Amino acid sequence: MQIQSFDENKVLDDLHHYLPSQLSLKDFVHHNPLHNFQHLSFFDAIFKASKNFGCQVTLSLEEYRSLYQDGRIRDEILSFIIADQYEETQVSNWRYNLLQKDYPYSFEPNIGGIRSFWKKVYQIDLDNHVHPLLFRYIGSFLDQGVALWHFPFEDNGLIQAIRDLDRSSFQGVFKSKRTRELLHQNHLSIKHLLDLVVGDPEAYSNYLLDQQFAHRGWSGLFAATESSPETLFYRKKSSLKDLILFELLMELDVLDSNLDKQWKPLGKAIQLPKIKYFENHHLTELETVLSIWQRAFEWDYYDEVLAGIQTAAKIPRKSSHKVSFQSVFCIDDRECSIRRHFEKVDKNCQTYGAPGFFGAAFYFQPQGGKFYEKNCPVPVTPKHLIKEYDVKDKQKHELLHHPRTHTVISGFFASLSIGLWAAVRMVYDLFFPKMRPDISNAFAHMNRYGQLKIENDSLDDLENGLQVGYTIEEMANVVEGILQGIGLTEDFAPIVYIIAHGSSSANNPHHGAHDCGACSGRPGAVNARVFAFMANHSKVRSILEDRGISIPSVTWFVGAMHDTASDEIAYYDLNDLNENSLRHHLENVPSIELALDFNAKERSRRFASINTNSDLKRIRKAIKNRSVSYFEPRPELGHGTNSICLVGNRETTKSLVLDRRAFLQSYDPFSDPKGIILAKILGPLPVVCGGINLEYYFSRMDVERMGAGTKLPHHVMGLVGVSNSSDGDLRPGLPLQMIENHDPVRLVMIIEQSPLIVENILNSTPSMKEWFSNEWIFLFALNPSDHSLHRYKGNQFYPYQTLKKIEAQKGDFIKQVERKDSMKTNHILDATKENLPVYVYEHE
Amino acid sequence: MFMNMNNLIPLLPLLPLTALLIGFLFHNTREKEIYRANLAGIGFNLIIIIILFIQWIFQDKVPLSHKGILLYQTSLDAIDMSFYIDGYGFVFLFSATILTLLIVVFSKTYLHREPGYKRFFNNLKAFYAGLITIIIAANFETLFIGWEILGITSFFLIGFYRDRYIPVKNALKVVSLYRIADVSLLLVMWEAHHLFQGSIRFEELSSALAGMDTNIEFNSGLLLISILVILAAVVKSAQFPFSSWLPRAMEGPTSSSAIFYGALSVHIGLLLLIRTGPIWEGIPSVKALIMGIGLVTVFSATLVARIQPSIKTQIAYSTIAQIGLMFVEISLGWYQLAMFHFVGNAFLRSYQLLVSPSVLSYKIHDQFFNFIRPQPQKKEGFFNRLKLSLYLLGIHEFYFDENQYKWLWRPLKKVGTALNFIAAKQMISLGLLLFFLGLVGVYSQPYLPAGFRYGLPYIFAILALMVLLKAFTLRGKVIEIWGLVILNQLFLTLSIGYNESFDYSQIHLYLSGILLSFMIGLYVFRNLKKAGLATDLSTYQGNVYVKPTLAFVFALACLGMIGFPITPTFLGEELILGHIHSGQYLLMTLIMGSLLIVGLVIFRTYSRLFLGIHMKGMHIRSYRSA
């Protein structure tokens with residue numbers, strides 16, 4: 001008999017490769033959910049994923065056609081896209097295909113094909129028997145502290161723990177004797193169990209993929225915690241192999257006890273089909289049609305943005321006034337609007353954008369914390385530790401969540417005491433919401449009045465291999481990197497705000513997704529404070545002086561944080577300001593508050609519960625309430641609608657209104673003729689901005705298979721994730737409430753620099769180039785010398801003429817906000833109408 | 001000095017029902033209007049309850065009562081919808097109304113832009129109306145109406161996310177168990193009818209019992225009633241061994257889980273026990289049974305709560321455990337303590353559920369500062385082994401689900417499968433033939449041999465049950481199942497017909513409901529076929545995705561088929577029970593078996609035909625396991 005080889009390691013690798021890689025929900029970081037397909041060009045990749053996983057990766061044909069009917073996809077754009085890809089002779093044919101042809105559609109994903117035969121052959125629903133119990137076992141195994149009794153023996157890995165549990169308990173884990181004996185076998189192997197369950201070696205790999213993808217959420221977390229165990233505070237020794245062994249044993253147990261002795265391994269009972277998963281996929285005609293529509297859908301918007309940029313760039317700059325203050329924000333798209341309002345309220349202020357960790361990559365340890373928190377982009381491994389001390393506030397508790405409410409006697413007294421009080425509390429929280437200990441408060445991440453140990457005492461001051469604090473030299477490097485990157489090396493204002501961001505929200509397991517992506521999904525207050533400290537340090541300033549950056553002694557950096565949900569800004573270390581600086585700061589505060597009012601107003605247009613035309617302060621209060629309301633599933637809308645990344649001088653595009661859709665990285669092309677600075681600042685952008693954008697893209701395209709579905713029924717599981725039900729799989733991805741207003745378009749990045757320089761940078765960094773050449777992100781260059789646009793296609797730039805022209809107008813943008821209604825439903829046809837067109841407003 | 005406000009009582013269920021009708025008028029996107037209709041419907045109720053409460057206080061706490069509309073009257077018997085409110089009633093009324101009102105306000109924002117916004121609020125109102133009916137019911141018949149409404153709305157609320165697999169599966173699971181409670185209550189009504197010679201009001205129970213001369217037969221009747229009441233209460237309050245449905249009911253939006261399964265629905269078993277108190281208070285063994293169930297539940301539910309990784313499930317089991325304690329309190333006669341306990345527990349658990357998503361960040365934050373790695377578990381020694389065994393017992397949820405399947409559903413399936421030798425089609429044709437023969441027989445009863453005639457009700461009841469069991473296991477065409485169901489009803493009619501002299505008006509009432517539902521069903525199937533949609537029940541078809549209106553129409557037909565209150569079938573059902581003589585336990589069991597299983601078959605048919613993941617066309621499909 002010919003024995004087919006089954007490579008266990010290869011399957012495990014494949015699984016690690018393809019399973020969702022989302023970590024514990026506390027470490028939520030946006031990433032491209034199909035990052036393992038990124039070596040392919042975009043449409044090849046997504047349709048391949050679709051073929052295997054059964055997920056939707058584009059809108060439906062009817063939806064695109066309706067968008068076309070509605071004018072959201074302009075006809076000239078459609079023609080342009082077809083002509084861009086096909087010969088003239090084929091154009092009319094494709095137009096017919098796109099607009100009229102009927103396409104049959106059948107839903108037949110590869111994965112799941114083999115295991116479906118259990119039902120066909122033995123009329124047994126294996127998943128129904130296995131899943132609920134399996135999820136309870138692995139949920140308990142990974143549990144971080146919901147259960148009052150923790151899973152025993154978790155240090156030895158799942159299988160060993162099950163063995164111990166089985167041996168030490170009276171009743172045992174399994175029902176059938178055979179399974180029990182197998183469990184305790186010394187060299188229990190996946191292969192051996194597959195022989196018993198499947199029996200056809202050719203089908204083994206596919207069987208395991210089917211099996212694990214039937215609960216991709218749990219398997220994904222198991223795999224992710226295997227490679228990044230630090231994502232759990234209460235570490236567990238999880239391994240995907242253990243999970244598979246356990247599941248196979250459970251299957252065997254179910255089969256043995258439900259089918260009596262009369263069953264044969266599946267592959268012996270029938271001839272299993274030989275499908276190859278993850279084969280290279282050739283686009284079908286329907287898929288090609290969909291890809292053209294998607295391009296057109298995207299291009300319609302890109303073209304408008306590019307036209308706006310060109311118009312804005314041509315508006316002559318005003319002669320410089322005395323700068324009142326400068327503020328450096330995160331590049332985050334949600335800061336796009338607040339910067340506009342800053343500049344509007346105080347015409348003499350300047351704003352900048354840089355990734356919100358402000359070059360300071362470190363672990364942070366709050367006072368009394370037993371762990372470290374990583375406050376920098378995910379791919380970076382920090383070498384520094386920042387410790388907090390001198391915190392006087394005590395940790396606050398919420399009795400309602402006390403574990404003792406779940407025991408008999410205390411539960412009884414809890415009912416009679418806090419139970420009756422809960423009625424009052426409910427009324428209060430409904431009508432007068434306020435901050436509570438169980439609401440995630442962005443400002444509580446670091447204590448506002450505590451101290452930070454930022455300056456390193458000696459190089460020997462190490463903790464777990466991390467250097468405590470920065471040396472002067474290191475500080476100077478961080479400050480220099482940022483200031484040079486954003487082009488702020490002269491003309492310093494008396495106050496420079498370093499404004500990080502975070503987000504407060506109630507009843508929201510996904511709160512990490514609202515915090516700063518450049519700080520690993522945490523509020524960036526620490527980073528802002530650390531940066532300000534560094535930039536204020538006299539020794540740092542003298543080093544910088546030597547390097548050509550001269551910061552006048554009257555200039556003071558103030559760390560701050562913007563809560564993007566409640567629209568509040570908190571300032572740090574104001575005690576350190578001298579009288580003069582404090583006076584300057586206090587002069588700015590009213591303008592900043594007003595800017596926040598306007599920002600709240602602009603945001604309110606998307607919230608049905610707030611009347612955008614009511615009084616500014618009332619809107620502000622209503623916005624604040626959203627961030628502390630338990631009943632509000634949309635405290636803010638996160639990165640919804642993000643679609644642009646602008647890298648360039650703020651002055652060039654200052655008059656451009658991009659709603660709240662653009663990541664804004666400051667960069668001065670004139671001070672960087674060789675592109676050396678550009679190469680540095682470009683580094684994190686594709687991962688951070690592209691990751692966010694693609695996470696939104698896929699969650700929007702298929703909120704069930706790529707997203708987390710509606711968050712309303714979510715159960716919190718083991719403090720590591722959410723599921724829809726008690727017996728349900730974990731749900732990685734973004735919930736519906738975050739993505740419903742998002743137009744699923746890929747990110748378009750526009751760099752203000754000559755195309756040649758950008759091309760050179762890409763050619764020298766292949767990992768970055770992949771993002772653009774495979775079209776996971778679109779790229780344009782805006783030549784600073786003549787404002788011409790260049791499109792990156794294939795591997796090089798070509799000049800691009802926009803189809804649309806946008807005129808600059810006078811007046812006040814906020815009027816547009818007042819006119820706009822919020823969407824009727826969250827269907828794409830309605831949702832896309834909520835977006836504002838691109839406006840250019842001339843400077844007043 | 002006070003006007004008699006008792007006439008306001010019927011408004012309590014009527015107002016929310018009116019609000020329900022108003023709610024139907026608005027499109028799903030008109031969220032404000034839908035919300036306001038809800039707020040008004042329940043808000044006015046609160047005002048009425050306050051007025052009634054004041055009156056009650058000033059009346060020296062004499063229970064308020066109101067004789068409602070007569071549902072049906074014959075020379076012998078009358079069934080009316082009567083209401084009364086006592087102190088316990090007020091506790092439940094206030095808790096239910098205030099909680100529902102708060103949840104309405106909470107859900108206004110929470111459910112914003114949900115495709116089922118309207119559906120949710122409509123169900124909420126129906127649920128509330130059902131609950132109120134139970135609370136103020138003065139007799140079993142009225143209570144049963146509320147009880148049924150509660151069951152149906154639970155089905156729709158659990159399966160709120162109807163295009164997903166698990167919610168639908170669990171809705172079906174829960175409603176199947178509920179059906180056991182329903183049938184128990186029907187039996188209680190039947191037995192009580194015979195014991196007390198007609199419909200009895202709860203408040204008259206004590207005096208009626210005092211006036212009876214008791215004999216063994218009467219006492220065993222009381223015992224039967226008590227046990228059935230306990231069964232109904234145990235199922236509805238998720239006590240041992242039926243606990244596992246409660247966490248599985250938490251499939252809808254958090255706010256609905258919080259109010260129904262954390263607070264209101266699940267405590268209703270207590271009220272049932274209190275209402276029937278006079279019946280069982282004198283029977284020590286029954287008291288011991290209630291206490292025993294309570295204690296076992298306290299133990300089992302607490303254990304499962306302790307080892308739960310899912311927060312909502314943990315809260316569900318904590319609720320169950322506290323209700324177990326309340327059962328103990330009730331068995332000891334400490335009703336007032338149980339009332340306080342109920343109110344506190346209801347608010348505590350519903351609030352815990354509402355804010356359960358917060359637990360993730362709260363506890364992680366707490367862990368960040370206070371985590372201490374637990375001591376490793378030891379393996380040796382009796383106590384460690386016991387602990388580990390208990391742990392395992394908890395993780396397997398006391399094997400509740402498994403045993404429910406094994407003892408409740410699998411035997412039914414086995415019998416059904418045993419009927420595989422005959423195809424459904426043949427069965428229907430053969431059945432119809434038998435029915436017509438039987439029909440002829442009804443008219444010629446005097447000519448039939450007496451012994452044979454007495455056997456006929458049993459034969460037809462058995463036939464009725466058999467066709468249903470066949471339908472229960474059938475996975476094929478919907479039309480066949482529908483045919484078997486109607487055949488079942490026809491056989492039932494014959495069975496009753498032979499049991500007692502035929503009262504045509506009653507039978508007509510019953511059959512009119514059934515036949516109308518049957519025809520609507522046929523219309524629905526035809527429409528689905530025309531649209532090219534699958535109608536076989538081998539899997540969940542999810543046709544509601546394409547045909548929501550048709551799904552609604554079919555749901556009404558299904559309600560008619562199972563004798564949902566307010567359909568003619570329901571009245572017929574009640575009346576038919578009157579025609580089974582006291583002591584005919586076997587016949588009663590057979591007919592109850594039919595009523596139980598018909599519910600399962602109908603709910604399953606509706607679910608498979610319209611709910612679940614729809615496979616046709618290009619659209620988003622959820623994962624089956626999610």
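Q: Which residue of β17(A) is the bridge partner of Cys645(A)?
A: In this predicted model, where local features need pLDDT of at least 70, side-chain atom pairs count only at pLDDT 80 or more, and totals for chains, interfaces and linings use all residues, strand β12 (residues 644-648) of chain A runs parallel to strand β17 (residues 747-751) of chain A, and four bridges join them. Residues are numbered from 1 along each chain as its sequence is written, while chains are lettered from A and ligands numbered from 1 in the order in which they are written. Strands (E, at least two residues) and helices (H or I, at least four) are DSSP runs numbered from the N terminus, and two strands pair if DSSP finds at least two bridges between them. Within β17(A), the partner of Cys645(A) is Met749(A).

Q: How many residues of strand β1 (residues 326-330) of chain A are buried?
A: β1(A) pairs in the parallel sense with strand β2 (residues 350-354) of chain A over five bridges, and four bridges join β1(A) to strand β9 (residues 495-502) of chain A, again in parallel. A residue is buried if 20 or more other C-beta atoms, placed from the backbone, lie within 10 Å of its own, exposed if 12 or fewer, and partly exposed in between. By this count β1(A) is mostly covered, and the number of its residues that are buried is five of five.

Q: What is the relative direction of α3(B) and α14(B), roughly parallel or roughly antiparallel?
A: The axes of these two helices come within 10 Å and cross at roughly 10°, where axes are lines fitted to C-alpha atoms, for helices over the stretch in contact, and angles run from 0 to 180 degrees between N-to-C directions. Angles under 35 degrees count as roughly parallel, over 145 as roughly antiparallel, 65 to 115 as roughly perpendicular and the rest as oblique. The helices α3(B) and α14(B) are therefore roughly parallel.

Q: Which element gives the most residues to the side of chain B that touches chain A?
A: Two residues are in contact if their C-beta atoms, placed from the backbone, lie within 7 Å, and the contact takes 84 residues from chain B and 102 residues from chain A. With 10 residues, the element that gives the most on the side of chain B is α14(B).
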